[in-house]
Amino acid sequence: MTVFNAFLKVIRKNIGTIIIYTLILIIFSAATMQSPDSSGQYTSEKQDILIINNDKGSALSDHLEEYLKANTNAVEITGGEDAIKDALFYREIVYIVNIPKGYGSSVMAGRTPSIEVQTTESYGSALVDMMLTRYLKLQNVYLQSGADEHTMIHSIDSALDDKTNVEMISQLDTDSLSQATRFFDFSAYNVTACIVFIICLVLSSFNDIDVRKRTLISSTDIKKYHLYLLTACCSYALAVWAFFSVLSYIMVGDVILTPRGGIYILNSLVFSLTVLSMAYFLSTIIHTKTAVTGIVNVVALGSAFLCGAFVPAEFLPEWVLKAAHILPAYWFINSNDLLGSMETLSVETLKPILVNMAALLLFLLLFVTASIIISRKKQKIA
Amino acid sequence: MFVHNFKYSLALLLKNRQLVFWTIAFPLIMAVLFNMAFSNIENEEAFDAIHIAVVDDKDFHSSIFKTALEELSSGDDKIFEIEYTDKTKAQELLENNEITGYLSFSGDDVKVTINSNGTSETILCYIIDEIKSDIAVITEIGTEAVKNEIMAGNTDIDYEKYYKDASELVTNSEVNLKDTSNHHLSYVMIEYYSLIAMTCLYSGLFSMTLVNYKLANVSAVGKRTAVSPAKKGGMLFGSLAAGFVVQLAGLLLLFLLMIFVIGADFGTNLAMILTLSVFGSLAGLTMGIAVAVLIKAGENAKLTALIGITMAGSFLSGMMGITMKNVIDKNVPILNKINPVAMITDGFYALYYYDTPERFYIDLISLAVFSAVMLIISWGGLRRQRYDSL
Amino acid sequence: MTKKIIEVTDLTKEYKQLKAVDQLSFDVYDKEILGLLGPNGSGKSTTINCILSLLKYSSGSIKIFGEEMKPDSYEIKRKLGVIFQDVAVFQELTVYDNIDYFCGLYISEKKQRREYIKDAIELTGLEDYQKFYPRQLSGGLLRRLNIACGIAHKPKLIFLDEPTVAVDPQSRNNILEGIRKLRDGGATIVYTTHYMEEVEQLCDRIIIIDKGKIIASGTSDSLKELAKIEEKITVEIKGLSDEILKRIETFPNAAAAEYDGERLTVSYRSGSANIGDIIDFMRDNNLRYTKIYSERPTLNDVFLELTGKELRD
């Protein structure tokens with residue numbers, strides 16, 4: 001019981017830190033929900049752009065403006081140069097098109113005057129770029145084929161009108177699935193931080209040489225003592241897992257209650273236990289409490305950055321992902337990503353997820369073995 | 001006295017492992033992590049080829065798409081990785097998420113089948129759209145040209161030539177877009193600016209540690225120095241100079257790492273950045289002094305207070321998401337006017353993005369004023385030699 | 001009459017409600033070891049901190065070496081050495097560097113400093129630990145380092161504020177020995193403690209403070225006289241009745257008699273044959289005792305007599 005009490009005491013003392021990690025997760029998932037764009041998922045939503053037409057009255061320039069307005073969400077910005085810069089800087093718009101004065105007549109005279117653009121280098125802006133390029137290319141072609149202004153506009157319109165036939169076969173609720181995926185991906189950071197931080201703090205007090213000696217000479221059965229300690233650690237890890245699972249339901253919704261959601265949760269359970277074993281291992285090599293904060297930050301932030309908890313794995317460089325294989329979070333996040341886009345759940349499709357879980361369990365085994373070897377060696381020295 | 005204190009303060013700071021970790025090692029680690037995580041996100045060349053399948057039947061072989069697709073799926077910067085297969089297999093590949101989508105042809109028309117909306121799917125549809133309209137345009141122009149020839153009474157018409165001309169016209173059509181956007185706007189650079197700002201403010205940890213050692217009402221060592229004949233001003237000056245030197249060395253390491261290892265582009269304004277960092281460090285240093293002197297609490301509580309203030313400042317100035325700075329600037333501008341982290345990041349934005357030197361200098365002056373205010377409010381506590389209680 | 005090194009006149013230090021030091025006046029003479037004795041919270045450390053100009057005081061005057069002591073009396077401070085109750089050393093510096101740092105606040109000439117540091121290390125017996133960091137030292141060694149840091153610059157006047165709290169006997173002896181050596185080297189020493197034996201062993205003169213006031217001062221012997229107790233007789237005996245105790249209290253010369261169930265203690269103001277009287281009384285009343293002995297009173301008894309409370313906490 002004393003072991004449990006000590007645990008509770010350490011948790012109570014560091015409740016602030018735990019709350020902060022939880023808040024970070026909530027804020028992040030709330031933010032992802034509001035703008036699916038920032039999660040890297042691109043839907044056919046129209047992009048917010050600013051069109052500055054300095055060549056009003058020219059049929060050609062006006063038509064370009066119309067085209068852009070029809071295919072994007074043109075935003076009005078009041079407040080001059082600075083406001084425009086701010087808007088682009090803070091991503092209120094992703095693209096600025098500046099049609100210069102005399103553009104239309106210059107084009108008709110056979111020159112290719114430049115159009116000034118500013119981008120945010122995001123996917124959204126790349127898309128607007130493609131749109132604009134395509135339009136100008138057509139304009140060019142028709143111009144060179146000798147069409148007049150009127151025919152040109154007409155031809156461009158009809159060419160652009162020709163849309164490809166697209167069929168979507170997926171029945172998945174991609175929005176909530178991608179949300180669930182982002183939630184669980186991000187939770188890799190919070191789970192790691194919460195578990196490693198508390199477990200290392202608690203175990204470092206129990207491993208303190210004086211406390212250890214006191215326990216060794218006390219009447220407590222040493223095997224029972226270790227069992228208690230292990231139970232307490234596991235209970236804590238399970239509590240963290242349960243807490244984040246409930247949170248996932250609150251933040252993401254009903255999708256968590258489907259079989260797929262169950263696999264997300266199961267995956268997160270396996271990961272939590274692996275992190276627990278990692279924390280146990282770390283506590284055998286960390287000797288001071290002051291070192292705990294530093295190492296927790298490096299381990300949690302490091303694996304979160306490298307495995308795709310913060311930045312989706314699809315955007316990470318190949319070599320980073322390869323290197324990330326040595327971190328448990330990689331396998332956890334990989335499973336989440338697979339779950340997010342998997343069409344059907346079957347033994348066949350779930351195979352890679354089972355492989356990932358096996359990898360996590362392998363990590364668990366590795367950490368436990370390493371901890372046992374190290375603590376055996378220590379006991380001999382002591 | 002200056003040299004003596006300078007020398008030993010250097011040793012005190014460098015031997016304090018926790019301090020060195022948070023002020024020097026942690027920013028370096030964060031810089032490396034940022035780089036690893038973000039290096040691809042804005043790098044268009046690193047774009048991976050999209051895996052698609054094409055239903056390989058008669059209609060495809062007679063389609064004009066064939067050459068276009070072959071072109072797009074060859075070479076080093078190919079856009080597509082194509083698997084030619086039959087319809088059932090393509091469907092299966094799609095369902096198992098092995099491809100982004102597949103193309104099937106009937107007559108001259110093409111159909112794209114995808115799972116759902118996504119980045120790769122959007123790009124796929126877009127490119128197919130473009131190929132399709134290009135083909136239409138080529139046909140239209142070619143036909144027009146042929147028609148004109150016929151109308152002109154020419155009978156010996158080289159149809160191939162006209163279509164080839166039209167095709168060349170389309171592929172070689174140059175588009176004149178002038179990208180005047182500022183590349184320092186990238187999210188990665190913003191993260192780096194925040195990181196530099198945070199590192200500047202962390203110099204408060206140095207000054208706080210050193211000042212604690214000089215205050216008789218805070219530490220036993222402070223009492224011992226207080227009863228010595230050494231003048232407090234000289235001692236403090238030596239210590240803080242050491243703190244400043246260690247801080248600048250740490251910053252220099254960070255800059256060297258970012259410029260030479262990570263390859264961050266700070267452009268031509270290096271002198272200005274360094275000036276900004278020096279002023280920022282000064283603000284951090286003086287804030288550390290103020291916290292050490294004004295907050296009546298244990299060393300750990302002071303440490304928490306200082307880190308808390310720094311993190312809160314970083315948050316408000318947009319370290320965890322640039323939108324925060326926009327929200328604060330628009331709604332509670334005063335908050336970021338007195339927030340030293342915001343002054344530093346704003347200075348960077350002024351320098352790199354807004355291209356407004358006035359705003360940069362205002363930020364520099366703000367930092368100087370902030371430092372002066374910090375010094376003034378802690379002056380009494382620093383100079384005090386006799387206390388009401390110990 | 002020897003020279004006065006410190007003159008404290010009517011020193012009063014008030015906290016919000018509490019008078020920590022109340023109209024305190026005393027002098028410290030050249031080359032003496034003065035013991036400031038008192039229980040915890042009696043005002044010893046406050047007095048020292050006032051003398052050192054670390055604390056503001058409400059009224060009174062303090063002169064050191066004949067001059068008024070102020071926070072900027074750098075010439076006076078140069079000749080002071082202080083060892084505080086708390087260990088005041090840098091964890092990040094080695095034993096040698098710690099001493100060098102603090103010595104360097106007094107002496108900037110490097111060669112001289114090196115010699116002084118060597119002397120301090122020798123005096124405190126830290127020769128083998130020069131490269132150690134404070135966290136590697138035992139409690140006793142840490143105290144010795146604390147002392148070395150305070151006296152390396154060879155001060156003329158040394159304040160030691162409870163330097164032996166929580167120190168093992170070996171280190172304690174080493175420390176007391178060192179203090180004697182410092183005095184023999186020509187320094188004046190003010191020593192505060194609540195350990196009676198140390199004061200008896202070490203101090204030339206003792207001032208007893210309680211509740212911020214001096215309640216007695218003088219040499220160890222003169223203080224004992226003051227308490228008007230000459231002899232203390234202890235009888236180890238079981239089952240003594242109250243009636244017998246009352247009879248013992250009426251003995252001629254007896255000041256007080258106490259019985260705790262195992263030990264009977266009788267204090268005498270004067271007299272010579274007291275122990276004989278007790279033995280006779282025991283035999284006459286057929287009381288069987290295991291041991292009987294007579295002692296000179298200790299300072300602890302003096303203190304008890306003067307303040308009515310035990311000195312040790």
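This is a predicted model: local features need pLDDT of at least 70, side-chain atom pairs count only at pLDDT 80 or more; totals for chains, interfaces and linings use all residues.
View 1. Five strands make up an open sheet of mixed pairing, arranged in the order β2(A)-β1(A)-β3(A)-β4(A)-β5(B). Its edges are formed by β2 (73–74) of chain A and β5 (177–179) of chain B, each of which pairs on one side only. Strand β1 (residues 48–53) of chain A runs parallel to β2(A), to which two bridges join it, and within this pair D48(A) stands opposite N73(A) of β2(A). Helix α3 (residues 59–71) of chain A packs on the sheet, where it touches β1, β2 and β3 (95–99) of chain A, and the direction of α3 makes about 170° with that of β1(A).

**View 2. Helices α11 and α14 of chain A.** The axes of α11 (residues 259–285) and α14 (residues 328–341), both of chain A, come within 10 Å and cross at roughly 175°. Because angles over 145 degrees count as roughly antiparallel, α11(A) and α14(A) are described as roughly antiparallel to each other. On the side of α11(A), the contact is made by R260(A), I263(A), Y264(A), N267(A), F271(A), T274(A), V275(A) and M278(A), while α14(A) brings P328(A), F332(A), S335(A), N336(A) and L339(A). Sorted by class, the contact of these two helices has eight nonpolar, four polar and one charged residues.

**View 3. Helix α12 of chain A and its surroundings.** Helix α12 (residues 289–307) of chain A has 19 residues and reaches 27 Å from its first C-alpha to its last, which is close to the 27 Å expected at 1.5 Å a residue. Buried residues of α12(A) include V292(A), V296(A), V299(A) and A300(A), and S303(A), A304(A), F305(A), L306(A) and C307(A) are buried as well. The partners against which the buried residues of α12(A) pack are α8 (174–207), α13 (318–324) and α14 of chain A, together with α2 (17–38) of chain B. After α12(A) comes G308(A), whose phi is positive, near 100°.

**View 4. The contact between chain B and chain C.** This contact takes 23 residues from chain B and 28 residues from chain C. On the side of chain B that touches chain C, α1 (2–15) and α9 (220–226) of chain B each supply at least two residues, and the largest share, six residues, comes from α9(B). By class, this side of chain B has 12 nonpolar, six polar and five charged residues.

Note on methods: Residues are numbered from 1 along each chain as its sequence is written. Chains are lettered from A and ligands numbered from 1 in the order in which they are written. Two residues are in contact if their C-beta atoms, placed from the backbone, lie within 7 Å. Helices (H or I, at least four residues) and strands (E, at least two) are DSSP runs, numbered from the N terminus. Ala, Val, Leu, Ile, Met, Phe, Trp, Tyr, Cys and Pro count as nonpolar, Asp, Glu, Lys and Arg as charged, and the others, Gly among them, as polar. Axes are lines fitted to C-alpha atoms, for helices over the stretch in contact, and angles run from 0 to 180 degrees between N-to-C directions. Angles under 35 degrees count as roughly parallel, over 145 as roughly antiparallel, 65 to 115 as roughly perpendicular and the rest as oblique. The expected span of a helix is 1.5 Å times one less than its number of residues. A residue is buried if 20 or more other C-beta atoms lie within 10 Å of its own, exposed if 12 or fewer, and partly exposed in between; C-beta atoms are placed from the backbone. Two strands pair if DSSP finds at least two bridges between them.
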